[in-house]
Amino acid sequence: MQTTTKPRKRAAKATTEAQKVKKAFVLDTSVILYDHSAVEHFGEHDVAIPITVLEELDNFKKGNDIKNFEAREFIRYIDNLSAEHMLQTWIPLAGSNKGRFKVLMGNGSPIDAEKIFNEDKADHKILNATLSLQHEMPDHRVTLVTKDINLRLKARALNLSAEDYETGKIQNVTNLYRGNDLVEDIPQAVITKLYDKGECPVEEAMPNPPSDNHYFILKSNKSSALAYYNPQERILERVDKPHAVGIKPRNAEQTFALHAILHPDIKLVSIQGVAGTGKTLLALAGALEQRETYRQIYLARPIIPLSNRDLGFLPGDVNSKIGPYMEPLWDNLKFIQNQFPEHSKESNRIKEMVEDDRLVITPLAYIRGRSLSNIIFIVDEAQNLTPHEIKTIISRAGENTKIIFTGDIYQIDTPYLDTQSNGLSYLIDKVKNHPLYAHVTLQRGERSELANLANELL
């Protein structure tokens, strides 16, 4: 029995190995600009880039944006990789269980994408390079990896396998961490203790400890309370409605968000919500309320150029170039100022902060390489950032720095990001349950009834 079983096992294993599909992936420019280390993330499979991608990256290598950094880093990576090899031949990638890499040249396929689509453009050259590799390696499943949806559709029209770049992508946005929950049927004794003592042991309210810095609306049969889980003390604390420079929260979620912004032990905050929920206003008001704690307040938002025109093509200096993109931040600042009489002490103090550069609106392009100490940094529209950009911003934090990200993951303005791959979703998913981090999802619009109509019915 033993002598016959072992050969059968070996034969079964050999059959499995033989049936294992060999794969080769072709990366386009959008993937490299999203993650310069993408070549390293395909395990034992072969990875290639068309020569057209190198040509396109050459156009991106100059500048201060993250995409320019990604282009430069990838070019350096290829330069190091090819130090002892020619790029037209397969180069083994360093590390165990790694595949090979090469640059694809020309078109050796009988199918010509440029003729089929009747246009000479970079995307079609990338398709031709992929078709050529498929023709060259019939024993491999060749897949084009791109964050450009239209390019994926064109590839499939040519009977090419095509997929999105999955690294850093959140699989289930529906179950993305919300940061706050409604809990009903809480014992009345818990509510009473929260009001009488301001705190309550967490085990008296729920069987398992929640995520760090999680917020709750606790309801009993008779009353309710807003609460927060303190990860240091491991207790539930009552949350009172705070206010900041004349701004008062209008609902429980806004109360939670402002509490997180004002809490000295929470150094990283994200606020997710649709337009009109008060994300930016609460962040700015909370920052102004802490003006004595931090040396400066930085405000920034990603610049999404219209018609693909970069800032460098626009007239004027940096401030005049970024001005139109930063108007929403100024609108919120003016709204806060309007809470006070025109020449009041509070109104004048906000004006002085702007004049003295204690409140600074800055483009994100200039943050790389800096160390930001003793500041509070608000990044608006963070859903338009890549995960790498989010990491870059947070890694700039020095001593006594707080960073607040606000945005709506369902309102993406850049073509190569979506609800699953944007930086804000990535941050919420990866950093939840950390004692330095708090997240709040805002659902109820407070801008106006008309704005709510647009969000709900249109």
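Five strands make up an open sheet with mixed pairing, in the order E7-E9-E10-E11-E8. Here strands (E, at least two residues) and helices (H or I, at least four) are DSSP runs numbered from the N terminus, and two strands pair if DSSP finds at least two bridges between them. At the edges of this sheet stand strand E7 (180-183) and strand E8 (199-201); each has a single partner strand, so one side of each is left without a neighbour in the sheet. From one strand to the next, the twist averages 30°.

Before we go further, a word on what you are looking at. This is a predicted model, in which local features need pLDDT of at least 70 and side-chain atom pairs count only at pLDDT 80 or more, while totals for chains, interfaces and linings use all residues. Residues are numbered from 1 along each chain as its sequence is written, and side-chain values use heavy atoms, with hydrogens and water left out.

Back to the sheet. Strand E10 (residues 224-230) pairs with strand E11 (residues 235-238) in the antiparallel sense, over four bridges, and Tyr229 stands opposite Leu236 in E11. Helix H8 (residues 188-197) packs on this sheet, where it touches E8, strand E9 (215-219), E10 and E11; contact means heavy atoms within 4.5 Å. The direction of H8 makes about 135° with that of E8. Such angles run from 0 to 180 degrees between N-to-C directions, with axes fitted as lines to C-alpha atoms, for helices over the stretch in contact. Another helix, H9 (residues 252-262), lies across E7, E9 and E10 and runs at about 140° to E9.

In the loop between E7 and H8 you will find Asp185. Is Asp185 buried or exposed? With a relative accessibility of 68%, Asp185 counts as exposed; the cut-offs are under 20% relative accessible area for buried and over 50% for exposed, with partly exposed in between (1.4 Å probe, protein chains only). Leaving out residues up to four places away in sequence, Asp185 touches Lys219 and Asn221.

Now turn to another sheet. Six strands form an open sheet in the order E3-E4-E2-E1-E5-E6, again with mixed pairing. Its edges are strand E3 (91-92) and strand E6 (161-163), each with a single partner strand, so one side of each is left without a neighbour in the sheet. E3 pairs with E4 in the antiparallel sense over two bridges, and Ile91 stands opposite Phe101 in E4.

Five of its five residues are buried, so E2 is largely enclosed by the rest of the structure. Asp46, Ala48 and Pro50 point one way from E2, while Val47 and Ile49 point the other way. On one hand, E2 runs parallel to strand E1 (residues 22-27), joined to it by three bridges, with Ala48 as the bridge partner of Val26. The chain passes from E1 through helix H2 (residues 29-34) to E2, a right-handed β-α-β crossover; right-handed means that, with the strands pointing away from the viewer, the path from the first strand over the helix to the second runs clockwise. E2 also pairs with strand E4 (residues 100-104) in the parallel sense over four bridges, and there Ala48 has Lys102 as its bridge partner. Helix H3 (residues 51-60) lies across E1, E2 and E4, at about 60° to E2.

What about the nonpolar residues? In soluble globular proteins, nonpolar side chains tend to be buried together. A nonpolar core is a set of buried Ala, Val, Leu, Ile, Met, Phe, Trp, Tyr and Cys residues joined through side-chain atoms within 4.5 Å. The largest one has 43 residues, of which Leu27, Phe101, Leu127, Leu133 and Leu144 touch the most other members. Helix H6 (residues 122-136) gives the most to this core, with five residues. Apart from this core lies another, of 40 residues, including Leu299 and Ile404.

Finally, step back to the whole chain. The protein chain holds 16 helices and 17 strands, and buried residues make up 49% of its 458 residues. Among contacts between residues at least 6 apart in sequence, 69% join residues at least 24 apart.
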